[in-house]
Amino acid sequence: MQTRGTAKTYMPTSLRGIANRARKDQDAQFGDLSGLLSVQNLHWCFHQLRKKAACGVDGVTFEKYERNLDENLKGLVERLKKGTYRAKRVRRKNIPKGNGEIRPLGIPVLEDKLLQLAAAKILTAIFDGDFSENSWGYRKGRGTREASRVLTNAVFHGRVGWVVEADIKGFFTNLDHDWMVTMLAERVKDRPFVRLIQKWLRSSGDTGTITVSSGI
């Protein structure tokens, strides 16, 4: 059975409703998600961005955008509605790794960061309930410190024979974007919302990275 999520005026309330429905019905599908990208909801997300984060190719900082925040957000939402919003090129920065290699980092412009954060919150509400309780990566309230504490407690007080550490080399670089979109479509039935994500995937280029957390 297909169901549709409804976009309400206050984003946290809407997210709770979406999350509850997603957990209760794993076959539920959600439309009208683009309606959540409103001025009010983006205003709420804006203040969760890091003020001192590096700026993208357009050089727009948090402080500069905030000076005319209401007008800037109105213009952004209007471009979304008209379909004229375009994701800007991601700025490249190489971060040295401990083994002598480098890790490519993609830094989006502020407006892209803002929309990505809002989209990430929506997708988290839909998909987070599908994850195992033992899954810790990129989940709210499940940071590295908490994961280390739980792991330490399990090792020292539980019955553990082996601890296996593994890493997928070049994970983000080698992500199959088409397959990601196919998986999203299982529960997301809002074409403009999916196309928005595809724009970010294309703008990320060869790094394959999209930064969507509040720490960007």
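**Note on the predicted model**

1. Of the 216 residues in the protein chain, 33% are buried (buried is under 20% relative accessible area, exposed over 50% and partly exposed in between, with a 1.4 Å probe and protein chains only). This is a predicted model, in which local features need pLDDT of at least 70 and side-chain atom pairs count only at pLDDT 80 or more, while totals for chains, interfaces and linings use all residues. Residues are numbered from 1 along each chain as its sequence is written, and side-chain values use heavy atoms, with hydrogens and water left out.

2. The protein chain has eight helices and two strands (DSSP runs numbered from the N terminus: H or I of at least four residues for helices, E of at least two for strands). Read from the N terminus, the order is α-α-α-α-β-β-α-α-α-α. Of the contacts between residues at least 6 apart in sequence, 72% join residues at least 24 apart (contact means heavy atoms within 4.5 Å).

3. Helix α7 (residues 177–184) and helix α8 (residues 191–204) have axes that come within 11 Å and cross at roughly 160° (axes are lines fitted to C-alpha atoms, for helices over the stretch in contact, and angles run from 0 to 180 degrees between N-to-C directions). The two are therefore roughly antiparallel, a term for angles over 145 degrees. The crossing of α7 and α8 is right-handed, meaning that the near helix is turned clockwise from the far one by less than a right angle.

4. On the α7 side of this contact are His177, Met180, Val181 and Leu184, and on the α8 side Val194, Ile197, Gln198, Leu201 and Ser204. By class, the contact has six nonpolar, three polar and no charged residues (Ala, Val, Leu, Ile, Met, Phe, Trp, Tyr, Cys and Pro count as nonpolar, Asp, Glu, Lys and Arg as charged, and the others, Gly among them, as polar).

5. Glycine 35 lies in the loop between α1 (11–24) and α2 (39–46). Its relative accessibility of 37% makes glycine 35 partly exposed. The C-alpha atom of glycine 35 is 9.2 Å from that of phenylalanine 193, although 158 residues separate the two along the chain.

6. Aspartate 32 is also in the loop between α1 and α2. Its phi is near 60°, a positive value in a residue other than glycine. Most residues other than glycine have a negative phi. With a relative accessible area of 37%, aspartate 32 is partly exposed.

7. There are zero disulfides in the structure (a disulfide is a pair of cysteine sulfur atoms within 2.5 Å). Cysteine 45 is buried, at 0% relative accessibility, whereas cysteine 55 is partly exposed at 24%.

Methods:
Angles under 35 degrees count as roughly parallel, over 145 as roughly antiparallel, 65 to 115 as roughly perpendicular and the rest as oblique.
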